[in-house]
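Subject: Structure handover

Hello,

Please find the structure below, followed by notes on what was found in it.

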Amino acid sequence: MADPSEILNVIAAQVAAIVYPNGTGSPSVTGTVVSIYAGWPVHSVLVTDILAGISHISVYPMEGEQKIPTALGRPYRAVDCGDPSVIATVSGTAVTLSGTVSTPQNLYFLVDGSGYHYSVQSGDTLTSIATAITTLIPNASNVEEVISLPQATQIVARVGGVGTEARELRRQAKEYRITVWAPTTLLRDTLGGALDEGLSINSSLQLLDNLPAFMIYARSMYSQNTQIYRRDMVFSVNYATSQTLSAPQVVAPVMSINDHTQTL
């Protein structure tokens with residue numbers, strides 16, 4: 001579920017990527033040191049840094065929010081397919097496991113019409129998965145990740161991951177203040193211009209729930225005193241409060257049943 005603190009950190013990360021396009025170990029867009037953080041500046045630290053020629057950029061949530069209409073019925077939607085990382089390849093009467101092992105995911109073998117299921121466990125390897133499956137299937141054996149089924153005439157092997165579905169419980173818009181605190185007007189304007197352009201290029205935000213979230217420019221303000229040159233940019237973030245659940249992929253075969261009606 002997205003919340004204001006997650007959005008705060010996402011915006012701060014975007015600001016850092018704009019100000020330090022080649023990484024924080026390389027020069028900033030101004031060639032000077034810029035301190036970037038989520039939260040409001042500590043006054044004594046800010047003043048000390050400004051006098052040393054260091055600019056600050058703070059990201060802070062503003063009070064209040066606006067309710068936004070959400071979809072009727074609040075339907076679930078798939079936000080992560082959960083593609084499996086293990087691969088099961090059938091060749092004759094052998095099944096070879098490959099790929100990488102992760103959880104959660106499920107393996108399903110259909111051998112001569114009988115189904116066998118195994119859920120991958122934490123700490124499993126390809127060999128331990130193969131061994132576990134052979135204990136389920138009569139007359140099966142394995143050497144490392146290769147499973148032998150010498151008496152089988154029909155083999156189907158499937159692997160399914162566990163995806164995620166989410167639904168919007170409500171949607172809201174909240175404003176965030178991105179403030180440049182600089183020792184000169186040139187630094188303020190350079191940083192402010194870079195942020196204004198960079199944050200406006202892509203309005204989409206990627207949040208943990210994978211539901212749509214948008215950041216839209218609202219307004220700017222300038223101010224200054226004898227030490228600090230300041231520019232505030234306000235962006236409105238439209239995001240969802242959500243509920244998520246696990247959605248395992250179907251690995252068992254789907255049977256088609258025909259309805260035969262007899263007329264007397």
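Just after helix H2, Gly53 takes a positive phi of about 85°. The model is predicted, so a local feature such as this needs pLDDT of at least 70, side-chain atom pairs count only at pLDDT 80 or more, and totals for chains, interfaces and linings use all residues. Residues are numbered from 1 along each chain as its sequence is written, and side-chain values use heavy atoms, with hydrogens and water left out.

The whole chain

The secondary structure of the protein chain comes to four helices and 13 strands. Helices (H or I, at least four residues) and strands (E, at least two) are DSSP runs, numbered from the N terminus. Of the 264 residues in the protein chain, 38% are buried. Buried means under 20% relative accessible area, exposed over 50%, and partly exposed in between (1.4 Å probe, protein chains only). Among contacts with a separation of 6 or more, 69% are between residues 24 or more positions apart; contact means heavy atoms within 4.5 Å.

Helix H2 covers residues 43-51, and its buried residues are Leu46, Val47, Asp49 and Ile50. Seen down the axis of H2, these fall within an arc of 165°, so they line one face of the helix. The arc is that of the directions from the helix axis to the C-beta atoms. Strand E2 (55-61) and strand E11 (155-182) are included in what covers the buried residues of H2. The face turned away from the buried side of H2 carries the exposed residues Thr48 and Leu51.

Helix H4 (residues 185-201) has 17 residues and reaches 24 Å from its first C-alpha to its last, close to the 24 Å expected at 1.5 Å a residue. That expected span is 1.5 Å times one less than the number of residues. Which residues of H4 are buried? They are Leu187, Arg188, Leu191, Gly192, Leu195 and Leu199. These cover an arc of only 115° around the axis, which puts them on the same side of H4. As a rule, an α-helix has 3.6 residues a turn, so residues three or four places apart point the same way. Leu186, Glu197 and Ile201 are exposed, on the face of H4 turned away from its buried side.

Two strands pair if DSSP finds at least two bridges between them. E5 and strand E6 (residues 94-99) run antiparallel and are joined by six bridges. Thr89 stands opposite Thr96 in E6.

Two residues

Arg177 lies in strand E11 and is buried, with a relative accessible area of 19%. Its side chain makes a polar contact with the side chain of Asp232 (3.4 Å). A polar contact is a pair of N or O atoms within 3.5 Å; within protein, one must be able to donate a hydrogen and the other to accept it, and residues adjacent in sequence count only if both atoms are side-chain atoms.

Ser35 is found in strand E1 (residues 34-38) and counts as partly exposed, at 25% relative accessibility. Leaving aside neighbours within four places in sequence, Ser35 is in contact with Ile54, Ser55, His56 and Ile57.

Regards
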